[in-house]
Amino acid sequence: MSRLIKHHLFWPGFALVALVVLNTVVRPRFIEISVQHGALYGAPIDILRNSAPMMLVALGMTLVIATRGIDLSVGAVMAVSGAVALTIIDGSDSPGSVGTVLVAIAVGVGVSLILGVWNGFLVSVLKIQPIIATLVLMMAGRGVALLVTGGFITTVTSDPLKYVASGHLLGLPFALFIWVAAVVVVSLVERRTALGVLTEAVGINPEASRLAGVRATGIILGTYVLSGGLAGMAGIIYSSNIMAADANAAGELIELYAILAVVLGGTSLAGGKFSIAGTVIGVLIIQTLQSTILFLGVSSAQSPVFFAAVVVVVVLIQAPAVHRAARQFLQRRSTHVPDITRGTEVAR
Amino acid sequence: MSTTATTPDAGRKPVVPARISEFGRTFVARHASVMPMLAALAILVLILIGAQIHFGDFVNPRTLSALLLDNAYLLILAVGMTFVIVTGGIDLSVGSVMAFTGIGAAQMLSHGVSSAIVIPAMILGGAFIGLMIGVLVQYFDVQPFIASLAGLFLARGLAYVVSLKSIRVENEHVLWLQSTRWWFGDWYLTPTGVIALLTVVVGALVMKYTRFGRTVYAVGGGEQSARLMGLAVARTKVLVYVISGVCGGLAGLVLTAYSGAGYPRNGIGTELDVIAAVVIGGTLLTGGAGYVVGSLIGVLVYGTIHTVISYMGAEQSWMRIIIGLMLLMFIVVQRVIVVRAERRR
């Protein structure tokens, strides 16, 4: 039991299960999944489907954070990718053909990869602080997206594009397959090769890992490129969902939610150890929470208050000061031993 | 860090303009910490000259007076942010705090509460959110980014809880802040502008001449060293977030007066504009170096670019790209300065 509680996924998993149970108790229909036209429908399926953009972004963010970085530009990259892809589809003669859509997606994601290289270059080669290096693209990126769309919201009608976010494969949403595939591939590459360990080494101590022969520059650059590419794909899914490229609204605040998801999943912003499974749970917590808030009839505009409460509770659970206080409290209750740690506490 | 070494003589202002000579080189070496700020000043002058040539009649008292008026809230936020960033922290909550205090004040005023109660309440509200962030950062070891993110969510959500729609302000005292014009020839100043300038003056004096201000630099330069020197690190780190929150409340007041209404969507993304302006003004995000006056220049650069772009009738998209590029230029300049300083050691 105590080993279970100590496991790094215990608290995130507990929070997710608690949310689902709470929803089911208040509203039994929450957990119902129905079959219509050979496809599954229901609140849990919606949550899995709607998670796709944030999941992709948070996946890239996990690795960036593991290297002690942060990528604020993901929302802007989403906007650029969506704008580029939809402008290509809008300008082509056959917006409905699969070929056009594939080319558009490839170009959109390709541009995002280049933007990722740009971020990675600033951080790993020029050694600019990640938060400010990615702030540049965060500010300029939406401007670029607006230029691409000419300041308008580009809308298209294209069935293959619509399929990306709204289509079904084997009865499940296609978007679910995209993020599961991304999570599986990244996990395999990170955990079945030495790359994951090297990434953590760079995050724990960049200088020591460099002296140990780790090519920190390349690894850091790579994580930003990955983050850019995944954000690009997220931008495509977002655009596919609304069938429009909205340079202002695409990925608005997603960087903050993604960072929140990573932190909820137990990856420290200080870098080093990361948990991809934790991030997946973190994103699902946020999506479930959003669906809960919506159900409670709270205006979605007011939902940030709930998120603030969640953030505070989660960071407090993780805070060393709270752990110490809790331990002391439990000790005092059980043994009534005078508190000898108090002295060191004051000295600190 | 290399930046700490330059801090003690930081306040000395250059009296003689630097010429490209032997003198110039020693000057640059000796005043490396004010170089980014001077670079920002040079850029500001260049933009003003360029705009004057391009538009014919740009640099006139009316435009420049309006510049201060339009950016008063940004300036106030930038002063608070400078304190936080110099300690090595960051405060993402300022835009939301501004929106929350603004809409809260508008709501209270519309219910007939006196402005003598509302204005202190706004500032206290901002200070409270700042205090929450500061306590999380200092006593619970939460990273400033995450703690102030919680503050951002909290304040933004509360703003929507107060009202989803904009609320007009008809209180004469609040509107007086904006509608009054004190003319000095063709120049004019509004009470909001005076509040902003006073904030800058007080901020600059506190940073330079008080024990607290010097501790702020010391904490940013090296927290461990500051603690070993016996400085009040914990109190200082909490206090900078409270100051930033107070500035958020003050900015909420100024913005409410400026727009004549409270609006819960005000200031979305403003925190990034503020951080950009502070960085352009020469404050290092790593902490330990920076000036309130630099942030004033940063805000003026930001505001001038805004005005120039709206004069040109260009789209909002260019504004963002240009600000992004400016930001890039400044961080590269700062990076070069830091690298050169490290190499010299």
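# A chat about chains A and B

Trainee: Hi! How many helices and strands are there in chain A?

Mentor: Chain A has 17 helices and six strands. Those are DSSP runs numbered from the N terminus: H or I with at least four residues for helices, E with at least two for strands. Keep in mind that this is a predicted model, where local features need pLDDT of at least 70, side-chain atom pairs count only at pLDDT 80 or more, and totals for chains, interfaces and linings use all residues. Residues are numbered from 1 along each chain as its sequence is written, while chains are lettered from A and ligands numbered from 1 in the order in which they are written.

Trainee: Got it. How compact is chain A?

Mentor: Its radius of gyration is 22 Å, close to the 20 Å that the globule rule gives for 348 residues, so chain A is as compact as a globular protein of that length. The radius is taken over C-alpha atoms, and the rule is 2.2 Å times the number of residues to the power 0.38. Along the principal axes, the C-alpha atoms of chain A fill a box of roughly 80 × 55 × 35 Å.

Trainee: And what percentage of chain A is buried?

Mentor: Buried residues are 48% of the 348 in chain A. Buried means that 20 or more other C-beta atoms lie within 10 Å of the residue's own; exposed means 12 or fewer, partly exposed is in between, and C-beta atoms are placed from the backbone.

Trainee: Which domains is chain A divided into?

Mentor: Domain 1 (2-296) and domain 2 (298-348), with bounds from an automatic or database domain assignment. The C-alpha centres of these two domains of chain A lie 31 Å apart.

Trainee: Over to chain B, then. How many helices and strands does it have?

Mentor: Chain B has 16 helices and four strands, and 52% of its 345 residues are buried.

Trainee: Which residues of α9 in chain B are buried?

Mentor: In α9 (residues 172-179) of chain B, they are B:Val174, B:Leu177 and B:Gln178. Seen down the axis of α9(B), they fall within an arc of 90°, so they line one face of the helix. The arc is that of the directions from the helix axis to the C-beta atoms. On the other side of α9(B), B:Glu172 and B:Ser179 are exposed.

Trainee: What covers that buried face of α9(B)?

Mentor: The cover includes α6 (94-110), α7 (115-139), α10 (191-209) and α13 (233-259) of chain B.

Trainee: Last one: how many residues of α14 in chain B are buried?

Mentor: In α14 (residues 270-280) of chain B, 10 of the 11 residues are buried, so this helix is largely enclosed by the rest of the structure. Just after α14(B), B:Gly282 takes a positive phi of about 100°.

Notes. Contact = placed C-beta atoms within 7 Å.
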